[in-house]
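Please look over the sequence and the three-dimensional structure shown here before reading on. The paragraphs that follow lead through selected chains, contacts and residues in turn.

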Amino acid sequence: MPDQSRGNLNSEGQILAKDSPSPSNQKRKSLTSFILTFLASFVIWLILSGKFDLFHISLGIISCLIVAYTSADLLLPQQKLGHLIKVWLRFIRYLPWLLYQIFIANLHVMYLVLHPRMNQLIAPGIIRFKSKFSDEMSLFIFANSITLTPGTITVYVTVDGNYAVHAIDRKSGEPLPGEMEQRVANIMGE
Amino acid sequence: MTGMFGIEYRPLSAVLLPIIVAFLILLSNKRPNLRESWTLLGSVLLFLTVSSMSPIVLAEGPIQWTWFNLLPNIDFAFNVDAFGLVFATTSSSLWILVSLYSIGYMRSLKEHAQTRYYFCFALALLGAIGIALSSNLVTMFVFYEILTLSTYPLVAHEESPEAISAGHKYLAYLLGGGVFFLIGILMTYLLVGTTDFNAHGILSPALGPASKLTLQVVFFCFLLGFAKAAWMPVHSWLPSAMIAPTPVSALLHAVAVVKAGVFGVIRIVCYIYGIDLMQELGLGLALASIAAFTIVVANLYAIGQDNLKRMLAYSTINQLSFILIAVALLSPMAVAGAMLHITFHGFMKITLFLCAGAITAISGKKAISEFKGLGRAMPITMTAFLIGAFGMFGAPPLAGFISKWHVVLGAVQSGQLVFLTIILIGSILDVVYFCPVIINTFFGKMPETETLKGDLEEKVEVYSEKVERLETKRPIYYFMIIPLAITAVFSIIFCILPNTFSIYDLVQMAVKDIFGGM
Amino acid sequence: MNWQIEFIILTMVIILGIGAITVKDLLGAGILFGAYSFMMCLLWAIMGAVDVAFTEASVGAGVSTVFFISAVFRTTRGTKD
Amino acid sequence: MKAFALIIVILCAGLLIYGTSDFPPWSDPESPASTHVSPYYIEHTIEDTSVPNIVTSVLADYRGFDTMFETIVIFTAGIACFFLLRVTKREDHESRLYHHLVTGVTLRIKEGGKLPDESEEFRRVDTEWVPYSLIIKITCRLIVPFIMLFALYVIAHGHHSPGGGFQGGVIIGAAMILFAISNDLRAAILRLSEKMATFFCSAGVFIYAGTGLLCLLLGLNFLDYGALAKILFTDPVTARSHGILAVEIGVGIAVMGVVVSIYYNLSSAGKHDEGL
Amino acid sequence: MNPGQNDIIILMVVAPLFASIIVPIVGWRAKKLCYSLTILAVLISLFSSLITAKTVMNHGPVQYYLGGWKPPWGIEFYIDHLNAFIAVVVTFISFLGVIFSKTNVENDLPNKEGAFYSLFLLLITGLLGIVLTGDMFNLFVFLEVASLSSYALIAMGEKGAMYASFRYLLIGTVGASWYMLGVGYLYIVTGSLNMANLSELLPALYQSKTILVGFAFILFGVGIKMALFPLHAWLPDAYTYAPSAVSAMVAPLMTKVMIYVVIRVIFTVFQPEFTVDMIQATSILSWFGVLAILFGGIMALSQTDFKRMLCYIIVGEIGYIVGGVGIANATALKGAIFHILNDALMMVCLFFVAGMVMYRKKGHRISDFKGIFREMPFAAIIFTVGALAVIGVPPTGGFFSKWYLLLGGIEAKHWGFVVALLISTLINVALFARVFDKGLYVHGHGSDHSSESTDHSSGTLVQKTPLSMWIPAVIVILAILLAGIFNQAILKNIVQFAVPSGL
Amino acid sequence: MDSIFFYSALFFSILMLLSLYRAVFGPTVLDRLVGVNAIGSKTTVLLILIGLMYHRVEMFVDIALAYATLNFLAVLAASRYFQKRKGLYDEAPTE
Amino acid sequence: MDIVVTIILIGGLFFFAGGAIGIIRLPEFYCRLHAAGQLDTMGVLWTMAALALYVLDDFSLGAILTSLKIILIVFFLFITSPTATHAIVDAGVRAGLRPWRKRGAEE
Amino acid sequence: MGDLAKEFVTTYNYWVYIILMMIGLYAVMVKNNLVKKIIGMNIVQTAIILFFISIGAKRGATIPIIAHGHNGGEHAVHAADYINPLPHVLMLTAIVVAVATLGVALSLAIKIYQEYGTLEEDDIRTQTREE
């Protein structure tokens with residue numbers, strides 16, 4: 001809970017809050033992530049640029065090198081190559097389901113919004129639960145999936161997997177964590 | 001002749017000398033002896049330079065010296081003509097005496113800020129000499145302003161609130177006048193495109209394009225500009241400036257400031273407007289009326305004064321207007337008298353002031369009613385005072401007689417009998433206000449408590465119990481006595497030998513230039 | 001060709017402008033000013049000034065709003081008017 | 001005061017409306033503004049500079065001097081913010097919270113306790129510190145490289161599409177700001193130190209002005225990129241195009257540095273601590 | 001003319017520019033080096049401005065095409081006699097200002113030398129750019145460079161400077177925006193931004209209301225920046241609280257350069273037949289000048305702070321110049337242009353004095369001037385010369401510009417201006433007499449201690465004014481005197497030709 | 001097709017007016033933020049629609065992208081304020 | 001093709017309209033966020049899809065790249081939009097904004 | 001649609017810029033809070049940018065980037081086909097100036113807040129007067 005971070009702090013060296021180790025100042029410059037970042041950014045560059053003459057390509061290479069040099073540790077902090085590809089493939093498999101869920105839930109919210117007696121239908125409330133994830137990335141994907149699914153918004157996530165979700169009515173809040181958690185766990189191979 | 005002391009460079013060196021002296025004074029501010037010797041040296045050199053020019057001017061005519069171009073058709077130039085030389089000689093010769101006197105006065109009173117005093121004094125002399133020698137109005141204006149500004153710290157030297165307010169009054173009158181002077185110069189420049197002095201006037205060509213009224217207004221601008229001449233509505237700075245130390249008053253009244261004023265008026269009347277134009281515009285009459293009014297009123301003021309210095313101030317106003325009236329008569333004799341009176345009045349008035357200063361410095365008295373019996377205590381001083389006072393109303397063996405005589409002749413010459421009467425009345429009133437002083441000093445009795453015995457030395461002995469400083473600084477007391485004795489002597493000499501320092505010749509030459517003959 | 005859109009957006013610009021200076025909360029004013037910049041950006045895109053729109057999008061929407069918020073963060077939010 | 005201001009405002013409005021009445025019709029192709037100078041730019045941009053984006057060619061070449069000083073304006077702003085806000089002294093009572101990077105634990109050191117050095121392991125945290133949201137952090141981690149790439153693309157393709165040095169520079173700066181917001185200012189400063197940002201400000205302007213000076217040294221007028229043909233071994237038109245690119249890169253670097261520098265100083269009021 | 005001579009023009013702007021880029025970087029390592037680099041850059045600028053002025057005097061106006069593009073399309077530097085003259089003034093004054101700034105920066109702004117000198121140089125760059133450019137919009141950009149740096153510099157002064165600078169920023173930005181609006185109005189009917197081109201295109205459109213409004217807004221905008229009387233409210237606070245080195249530099253230059261812009265706009269972009277004859281803008285302007293003179297003088301009288309008094313004097317002096325421009329005959333304009341030089345010199349001189357007094361006595365109220373003639377005699381001399389120049393006492397330059405202004409006023413029969421000028425002279429006397437009194441007369445009534453004793457004690461107790469304050473001050477009083485003595489040389493060679501044709 | 005784009009663009013602008021209500025009259029700052037965020041997402045689409053109407057959509061895509069990025073930045077910064085400064089009601093008087 | 005595009009576009013508009021109405025109608029801040037955050041995201045998805053399809057109509061390399069760019073925008077928005085929503089909620093919670101409760105509900 | 005309405009609509013840009021400018025000016029003069037003043041100042045600047053961009057508008061023209069597909073290098077480029085680019089260039093500069101001014105103004109506001117503890121103008125004035 002964020003509010004607890006300013007508790008009664010007297011003893012020397014008391015732990016105030018546990019936070020993820022910041023990737024930014026640990027100079028883990030691995031070659032793999034550098035190359036991967038370079039390749040990824042170069043693909044995006046080609047999409048953006050749309051010019052395939054030598055001059056622009058070389059500009060692109062220089063730009064991608066700069067990006068890879070400066071932010072490889074941001075984009076891909078620690079994953080192994082094989083793992084990464086698997087995750088991506090699974091993520092793409094996950095997307096249609098997510099889109100479908102979003103669409104369904106959207107219709108629900110539309111119904112709520114356009115209903116003349118809206119105030120009686122909605123019943124906002126905060127749901128708290130603990131998920132089984134420990135990996136940041138899966139926490140993140142799960143949290144964003146929850147937010148994307150209308151009717152629910154992630155209020156906060158902690159590193160150890162505590163979630164608080166705001167739901168607009170009972171129906172939206174009920175399925176959590178449920179199926180979605182399972183699918184996200186599948187992606188990350190947990 | 002070549003070199004720095006060639007004839008053509010003498011005007012320049014006359015102007016540069018005070019500047020050099022001023023800065024030498026400033027540099028040697030920690031060493032009083034050195035500082036004062038610079039002053040003396042400078043004044044002597046200046047006098048030599050100026051007086052060395054008069055034979056040349058008399059023989060070969062004016063010395064021209066152009067330095068650089070200030071404005072189109074206006075150069076920063078000097079033109080040493082006879083009239084200018086009269087004024088220059090007067091002021092430079094008096095500087096020597098005033099410097100001597102200052103040393104005595106300042107040291108005996110242990111005045112503060114002496115460096116500033118000598119510095120400003122030198123600059124004031126620069127102003128006076130510059131005014132005398134300048135060849136056009138703009139150059140004159142430069143020096144006129146220098147004179148005004150450099151005398152301001154002198155007037156307020158005492159640094160008391162009254163002194164400072166007197167200084168402010170002084171500045172306000174003179175710089176305010178300076179503004180009008182500037183307008184006059186501007187109008188002159190606009191009308192005729194030049195401001196060079198010419199013995200026949202330069203403004204007469206302007207009569208066509210510009211109306212008479214314009215020229216008359218311009219004349220009054222000039223007249224206001226020369227508020228230094230202390231004619232009556234703009235005189236009140238002069239009595240209040242009396243708060244200054246006596247040598248400064250001497251400088252103001254006798255040497256530089258007021259003389260610069262009347263000098264300027266004469267320059268305007270004779271060299272800018274010219275006699276003919278003055279007559280045509282009827283300005284002579286106007287000027288004479290103002291001056292006549294001033295003479296009468298100033299005399300009446302003077303009679304009522306109890307403070308000696310204030311009385312002398314009104315006396316000065318009166319005498320200055322006498323010069324103005326003489327000029328305004330526009331006859332050769334009168335103008336010659338006016339020019340002579342500049343010099344003669346300078347010498348006589350300085351005598352009076354130095355006496356007044358000596359009285360104050362020694363006895364600490366300022367009011368005339370307290371002067372009883374001083375004549376016996378300070379015989380030299382009071383004799384000199386007597387000479388000065390009689391000179392003022394033109395008693396025969398004294399210098400004032402010569403100039404007054406010329407003026408009276410001039411008045412007759414021009415047929416202005418009204419003004420003749422006023423001149424005479426003025427002279428008589430002079431006697432009236434000097435009487436109390438003379439009577440008090442020579443016939444009054446000193447009060448019991450302050451009885452002085454014997455001559456000056458004994459007096460100093462007596463006072464030594466009360467005032468310590470007089471005793472300790474006794475030798476410099478002579479610095480005060482000697483100058484006033486010298487001036488008193490000169491007041492007599494000028495009557496007997498009017499051509500001392502070639503003054504008379506120079507005046508005659510000037511008048512000849514203006515009128516083409518006496 | 002599309003003056004109607006322009007008309008609406010110009011009206012919005014005025015509303016946002018007035019809003020930004022009347023809101024009694026500096027943070028709100030900053031946010032509304034950001035929205036004002038959005039509208040300006042849109043307006044310029046409609047008028048065909050793409051480069052200006054781009055600049056306004058990056059400057060007005062992004063940087064200047066952030067600057068405002070930083071400044072409000074470092075000073076105070078309350079205001080009398 | 002209000003009434004007075006209202007009067008002035010209404011007077012100004014009246015004056016402006018008065019002036020508006022003589023305007024040429026709105027969006028008129030025949031108006032003087034569209035027929036006097038600007039057609040030259042439109043018709044000659046390809047043959048003079050081979051840059052299709054007329055705005056870029058006018059900005060960086062025809063009126064390149066303007067743009068140079070536009071860069072200087074922003075440089076001035078950066079230096080001015082630094083000059084106004086930066087404080088180097090720090091009160092000691094503030095330096096009590098520390099972040100242990102390896103474990104991600106935040107510590108508070110009691111009064112009199114030994115303060116750890118700022119090092120790889122420990123980092124000072126300020127009293128206003130609050131834990132940063134995981135979601136925001138990861139999102140920013142993912143999109144910052146993308147934004148930077150996009151910004152570089154914008155700079156590099158200023159010739160052909162809208163954008164250019166200024167916009168690109170601002171977007172890179174925005175990426176840095178995003179990073180600073182999602183983590184904290186110290187993390188951002190560790191990536192791009194203040195001195196580095198200042199150096200970028202100067203370097204960007206230096207590239208621009210240096211290009212101009214190079215042209216001067218090569219014998220043509222200041223900022224006449226045609227002179228660069230001598231060292232690029234191309235024809236003057238291509239040289240101009242490349243000159244424009246160089247200039248845009250300069251602008252981009254400078255603007256990035258300035259935006260970052262201003263943000264650093266504004267968000268922490270010059271103390272360079274926690275920031276927004 | 002060979003191209004090498006022309007290149008020197010751009011050096012004038014580029015030298016301080018490059019220095020300003022390098023200085024903040026250099027400031028990390030070697031703080032001392034910043035100062036010398038700055039001086040070097042300004043010196044280069046000064047020399048190139050002198051050479052340019054010489055070229056202009058010998059060969060007539062010079063053009064420099066930036067980027068090699070011809071004027072209506074590209075930006076040009078167009079330098080005629082007026083420009084060249086003002087450019088020399090700007091570089092000269094900034095040279096002195098830079099020298100003067102040393103102690104002020106070291107004492108008051110530790111660790112920020114690099115940024116300070118950088119901003120200082122940017123200010124100079126901006127001002128020079130305004131003077132040299134021949135393009136209306138480019139002028140705006142330079143204006144902003146100069147303004148932004150001056151806001152920052154002013155804000156680092158004593159307490160109160162922040163708020164003053166903030167107000168200056170608001171008003172200044174609105175002024176600059178108005179200027180730009182005016183340029184837009186001109187652009188919408190002509191389609192051009194180049195001054196020379198505009199002056200060719202505009203005569204056909206003189207009947208247009210748009211032109212009139214554009215002209216009005218340009219004047220409003222520039223009027224705010226130059227603190228013309230009703231729009232001057234920002235000036236006194238800003239320049240009073242600014243650091244002494246900054247006010248010594250900004251106060252003389254900023255307003256003067258803006259007046260240059262006014263002259264440019266009125267007489268070059270618009271021709272005199274429009275501004276003088278058709279809409280009578282100049283006569284309105286001259287009356288504003290009159291008001292400014294009187295208002296500045298009266299407000300200055302009521303101040304107790306020396307720098308604030310100087311600020312109001314500046315307001316008055318702007319009135320002089322604007323009035324001279326407004327009278328719009330050759331003589332008055334000559335006086336106005338010459339007064340730009342003189343005013344800049346005397347203001348820099350007086351602000352130097354304020355800086356010296358600030359350095360010694362940690363204050364710049366008039367009461368802090370007590371006894372400066374004894375304690376800091378050379379500062380007193382500098383002050384005296386500056387004061388005399390402001391009053392307009394002959395051997396100083398101030399007299400001669402006033403002379404021409406008066407002459408022009410009388411020629412044009414603009415008596416209001418003449419009277420205002422004369423009254424203001426007297427007011428100036430009163431102003432400086434107050435300071436003189438404080439400085440000269442320390443003893444008051446009944447002086448107990450003799451002068452010699454004070455002389456000795458004062459020298460040892462207080463720290464000496466450093467050399468870096470001395471040299472510029474001495475140069476500036478020499479310049480004031482020389483400007484007076486050689487005024488004919490200046491007027492005949494440059495200023496005379498700077499007066500626009502058609503007058 | 002142009003007319004469809006035009007009318008949808010018009011529709012978008014009207015929707016933006018609706019969101020504007022929240023932005024201007026939102027009782028709390030966060031409501032304003034919501035409104036502005038909603039306006040931002042609509043604007044992104046609107047920009048591309050304008051591009052289509054100019055038939056130069058490739059030029060407008062970049063702007064839309066930059067816009068989306070920076071809108072996100074602004075929202076993040078504003079919300080960041082509240083993460084650090086408590087008291088939505090304390091400091092700012094709300095209507 | 002045009003018809004498909006039109007239909008999808010209108011679908012997107014529908015979602016957007018829902019979002020806009022929701023923002024106005026819903027009673028409190030957290031609920032409004034639901035409408036603003038998610039319905040808009042959906043709307044963006046649909047409209048962008050329509051536009052990408054339309055661009056793809058003129059089948060060339062440039063068109064493909066443009067539609068790819070549009071998809072990139074959508075992708076981008078899908079990452080940022082929930083994050084932004086979350087940030088606002090987080091801000092609301094930390095700022096101490098109480099969630100709205102139905103009158104009489106639960107307590 | 002009547003002529004008057006048409007006139008109004010076609011010059012709507014100019015009306016709006018005048019209104020915005022006046023809003024900004026009013027804010028600068030009257031508003032008590034310094035940040036509000038800064039916002040007003042920025043609104044003035046944007047209003048002027050709006051004015052300039054309106055100058056550049058051209059009926060029936062496209063954005064000022066030469067299109068490759070339609071008329072590339074070999075074809076002549078017609079000036080009437082492209083919107084006037086010059087005001088855009090000028091306004092790019094103006095936007096940059098605006099943001100630079102904004103940065104400096106906000107720094108000053110922060111400093112003023114540190115010095116006086118308030119951003120309200122009247123409070124600052126009272127404090128200054130009390131000294």
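Predicted model: local features only at pLDDT ≥ 70, side-chain atom pairs only at ≥ 80, totals over all residues.

**A guided reading of the structure**

E115(H) and K159(E) form a salt bridge, in which the closest N and O atoms are 3.6 Å apart. Between chain H and chain E, one salt bridge is found, together with five residue pairs in polar contact, both residues of each pair being at pLDDT 80 or more. On the chain H side, helix 2 (12-30), helix 3 (34-56), helix 4 (86-116) and helix 5 (121-130) each supply at least two residues that touch chain E. Helix 4 of chain H gives the most to this side, with 17 residues. Sorted by class, the side of chain H that touches chain E has 27 nonpolar, four polar and six charged residues.

The extent of this interface can be described in two ways. Counted in residues, the contact takes 37 from chain H and 28 from chain E. The size of an interface is often given as the accessible area lost when the parts come together. By that description, chain H and chain E bury about 3000 Å² between them, and carbon and sulfur atoms give 81% of this area. Within chain H, the residues that lose the most area to chain E are L90(H), L108(H) and E115(H), which together account for 16% of what that side buries. The area buried between chain D and chain E is about 5100 Å², with 75% of it on carbon and sulfur atoms. In chain D, F65(D), F69(D) and F83(D) lose the most area to chain E, and together they make up 14% of what that side buries.

Which charged residues are joined across this second interface? D135(E) forms a salt bridge with R63(D), and the closest N and O atoms of the two are 2.8 Å apart. The count of salt bridges between chain D and chain E is one, while the count of residue pairs in polar contact, both at pLDDT 80 or more, is 13.

D237(E) is placed in helix 9 of that chain, which covers residues 235-241. Is D237(E) buried or exposed? Its relative accessibility is 19%, so D237(E) counts as buried, the limit for that class being under 20%. Apart from neighbours within four places in sequence, D237(E) is in contact with A164(E), R167(E) and R308(E). With R308(E), the side chain of D237(E) makes a polar contact, side chain to side chain, at 2.6 Å.

I189(D) lies in helix 8 of chain D, residues 185-191. I189(D) counts as buried because its relative accessibility is 18%. Leaving aside neighbours within four places in sequence, its contacts are E194(D), Y264(D) and H272(D). I189(D) and S261(D) are 72 residues apart along the chain, and their C-alpha atoms are separated by 9.9 Å.

Finally, two whole chains may be described. Chain A has seven helices and four strands, which follow the pattern β-α-α-α-α-β-α-β-β-α-α along the sequence. Of the 190 residues in chain A, 50% are buried. Among the contacts in chain A with a separation of 6 or more, 65% are between residues 24 or more positions apart. The accessible surface of chain A comes to about 9300 Å², and 63% of it belongs to carbon and sulfur atoms.

Chain B contains 22 helices and two strands. Buried residues make up 66% of its 518 residues. For contacts in chain B with a separation of 6 or more, residues 24 or more positions apart account for 79%. Chain B exposes about 16500 Å², of which carbon and sulfur atoms supply 66%.

Key: Residues numbered from 1 in each chain as written. Chains lettered and ligands numbered in written order. Heavy atoms only, no water. Buried < 20%, exposed > 50% of the residue type's maximum accessible area, 1.4 Å probe, protein only. Contact = heavy atoms within 4.5 Å. Areas by Shrake-Rupley, 256 points an atom, 1.4 Å probe, with all protein chains shown as cover. Polar contact = N/O pair within 3.5 Å; in protein donor to acceptor, adjacent residues only side chain to side chain. Buried area = accessible area lost by both parts, 1.4 Å probe. Salt bridge = Lys/Arg side-chain N within 4 Å of Asp/Glu carboxyl O. Nonpolar A, V, L, I, M, F, W, Y, C, P; charged D, E, K, R; others polar.
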